[in-house]
Amino acid sequence: VLVAIVVAAMLFNLQVGSLTPLLIIGSAGAFVVLRWERLYPMVTACWPLLMLPVFVCLSATWSAVPATTFYYGVVYALTVVAGIMMGGVAKPRSFIIGMFVAFAAYSVMSIAFGRMVTWGEGAGDAFAGLAGSKNQFGDFSGLAMISTIAACALFATERRWFVAALCAGLIPLLALHLYLAKAPSALVSTA
């Protein structure tokens, strides 16, 4: 659930706005409360990854706009901590399911409430879904495709055929997203 909340907060950032950092902070706080025994091993194993956010926060001392630099440094640090918690501590099964749930919800909501954008000189329209641009939507769609394939494989290995089939039913929609986004880099990176 915590993985799904963090990923969904990032995916729906344009819609939830300033709630995104609060959702990430809340999820990190819930992790600390629920899995406090995993906190020390996580920090000792992943401490080098924390050096960049610490550096960004310290760079506020020589920044032209220290308050803004510090604010974004803290937000970045929280994102890194949430990523470490998901990638370094969450069980692989929980991680795959959380990613799948967040991306599946985003993909379905994009079809329901998404929008077309113009691009290029007379090139036509592309689908941007709920993202800020067609390229961002293409990247999200590619990640959704990968997380869906991983969820299908997970459920198939667990012999949960019905759930695996439901996951597989999302693949044509995601292929359509990739096509409509008209983002070649997303197609290449997804492949």
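Start by selecting helices α1 and α5: their axes come within 10 Å and cross at roughly 140 degrees. Here an axis is a line fitted to C-alpha atoms, for helices over the stretch in contact, and an angle runs from 0 to 180 degrees between N-to-C directions. The helices and strands themselves are DSSP runs numbered from the N terminus (helices are H or I with at least four residues, strands are E with at least two). α1 and α5 are therefore oblique to each other. For the labels, angles under 35 degrees count as roughly parallel, over 145 as roughly antiparallel, 65 to 115 as roughly perpendicular, and the rest as oblique.

Before you click on, know that this is a predicted model, where local features need pLDDT of at least 70 and side-chain atom pairs count only at pLDDT 80 or more, while totals for chains, interfaces and linings use all residues. Residues are numbered from 1 along each chain as its sequence is written, and side-chain values use heavy atoms, with hydrogens and water left out.

**Stay on α1 and α5**

The crossing of this pair, α1 and α5, is left-handed (the near helix is turned anticlockwise from the far one by less than a right angle; clockwise would be right-handed). Now show the side chains where the two touch: Val3, Val6, Val7 and Met10 on α1, and Thr79, Ala82 and Met86 on α5. Contact means heavy atoms within 4.5 Å. Sorted by class, the residues of the α1 and α5 contact are six nonpolar, one polar and no charged. In this sorting, Ala, Val, Leu, Ile, Met, Phe, Trp, Tyr, Cys and Pro are nonpolar, Asp, Glu, Lys and Arg are charged, and the others, Gly among them, are polar.

Keep α1 (residues 2–11) on screen and select α3 (residues 19–34): the two pack at about 165 degrees, with axes 9 Å apart. That makes α1 roughly antiparallel to α3. The crossing of α1 and α3 is left-handed. On the α1 side, pick Leu2, Ile5, Val6, Ala9 and Met10; they meet Thr20, Leu23, Ile24, Ser27, Ala30 and Phe31 of α3. Nine of the residues in the contact of α1 with α3 are nonpolar, two are polar and none is charged.

Is the crossing of α1 and α6 left-handed or right-handed? It's right-handed for α1 and α6, and the pair packs at about 35 degrees with axes 8 Å apart. From α1, select Val3, Ala4, Val7, Ala8 and Leu11; from α6, Ser94, Phe95, Gly98, Met99, Val101, Ala102, Phe103 and Tyr106. The contact of α1 with α6 has eleven nonpolar residues, two polar and no charged.

**Now look for pockets**

A pocket is found on a 1 Å grid over the protein atoms alone, using a 1.4 Å probe: it is an open set of points with protein on both sides within 12 Å along at least five of seven lines, and lining residues have an atom within 4 Å of a point. Points are joined across faces, edges and corners, and the volume is the space filled by probe spheres set on them.

The largest pocket has a volume of about 440 Å³. To find its centre, select Val1, Leu2, Val3, Ala90 and Ser94, the closest to it of 21 lining residues. Which helix gives the largest share of this lining? α6 does, with five residues. The lining of the largest pocket has 14 nonpolar, three polar and four charged residues.

The second largest pocket holds about 160 Å³. Select Met10, Asn13, Thr20, Pro21, Ile24, Val75, Leu78 and Thr79 to see its lining.

**Zoom out**

Finally, show everything: the protein has ten helices and two strands.
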